[in-house]
Amino acid sequence: MRNPLRALHPRQFRGVRLLLLVTALALAAAVSGTTVVDAELRGLVIGLLLAAGLIGGWFAVTGYRPLWTTAAGLVGFVLVVSVLVETGPTLLQLRGGRAESRVTAVREAGSRADRYHYTLTTGGWRPIAGELTLGEARYGVGDPVTVVEDPSGLADPMLPADLTEHRDSWLALIVLYLTTAALCLLAGRPRRTADE
């Protein structure tokens with residue numbers, strides 16, 4: 001049986017290179033969205049990822065269709081930022097469990113959105129991985145807090161009420177990725193020449 005892909009010109013697969021670049025950035029953002037990277041450093045990480053994406057994209061997209069490439073870049077940017085923000089909540093939705101905990105330490109950071117960072121332990125003094133981050137000072141040392149925690153410790157704990165805001169975020173990420181893939185493939189189509 002004849003391979004139908006042989007009839008395609010190699011330049012028609014250029015869009016796959018752009019998609020691989022966006023996929024690599026999204027995977028790096030997913031790792032950064034876990035407890036591997038401190039919550040305060042995530043802004044710096046996203047800046048480095050986007051700089052790497054712009055540098056890599058500059059060399060990768062020569063000869064691509066400009067309109068589709070711009071659209072793919074913008075949607076890819078939204079995808080990478082969304083993956084960074086939604087990785088932790090998605091892990092908690094898929095495998096998290098409620099835990100009754102106590103605050104053992106509070107520290108104040110410079111950011112406005114997640115200013116207060118709470119270190120938690122369970123009733124049996126088992127530390128909960130990561131930190132609960134909130135925009136306001138709600139708890140003091142020794143206060144009881146009910147959180148949703150990831151058993152493997154990859155996601156920062158969250159309050160159950162805050163987690164409901166991220167309901168079905170994994171579905172939105174899949175739609176964003178498929179949209180990015182379609183735009184990357186459209187951007188990589190070869191241009192028609194005057195002879196054609």
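R95 and D150 are joined by a salt bridge in this predicted model, with 3.1 Å between the closest N and O atoms.

Another of them pairs the side chains of R126 and E149, at 2.7 Å from N to O. Here too distant parts of the chain are linked, with R126 in the loop between β2 and β3 and E149 in strand β4, 23 residues apart. R126 is partly exposed, at 41% relative accessibility; E149, at 11%, lies under the 20% limit and therefore counts as buried. A further salt bridge connects the side chains of R115 and E108, again with an N to O distance of 2.7 Å. In this case R115 is partly exposed at 36% relative accessibility, and E108 is partly exposed with a relative accessible area of 48%.

Turning to the aromatic side chains, one aromatic pair is present in the structure. Y118 sits in strand β2 (residues 116-122) and Y139 in the loop between β3 (132-134) and β4, so the pair ties together parts that are 21 residues apart in sequence. Y118 is buried, its relative accessible area being 0%, while Y139 is partly exposed at 22%.

The surface also carries a nonpolar patch, formed by L94, W170, L171, I174, V175 and L178, which together have about 590 Å² of accessible area. Helix α5 (residues 169-187) supplies the largest share of this patch, namely five residues, and V175 is found in that helix.

The protein has an average pLDDT of 81, and 85% of the residues score at least 70. Confidence is highest in strand β4 (residues 144-149), at a mean of 92, and lowest in helix α2 (residues 42-60), at 75. Strand β4 is also the element that holds E149, the partner of R126.

Notes:
Residues are numbered from 1 along each chain as its sequence is written. This is a predicted model: local features need pLDDT of at least 70, side-chain atom pairs count only at pLDDT 80 or more; totals for chains, interfaces and linings use all residues. Side-chain values use heavy atoms; hydrogens and water are left out. pLDDT is the predictor's confidence in each residue, from 0 to 100. Helices (H or I, at least four residues) and strands (E, at least two) are DSSP runs, numbered from the N terminus. Rings of Phe, Tyr and Trp (its six-membered ring) pair if their centres lie within 6.5 Å; planes under 30 degrees apart count as stacked, over 60 as edge-to-face and the rest as tilted. Buried means under 20% relative accessible area, exposed over 50%, partly exposed in between (1.4 Å probe, protein chains only). Patches are made of residues with over 30% relative accessible area and no salt bridge: like charges are joined within 9 Å, nonpolar side chains (Val, Leu, Ile, Met, Phe, Trp, Tyr) within 5 Å. Accessible areas come from the Shrake-Rupley method with a 1.4 Å probe; for residues, only the protein chains shown count as cover. A salt bridge is a side-chain nitrogen of Lys or Arg within 4 Å of a carboxyl oxygen of Asp or Glu.
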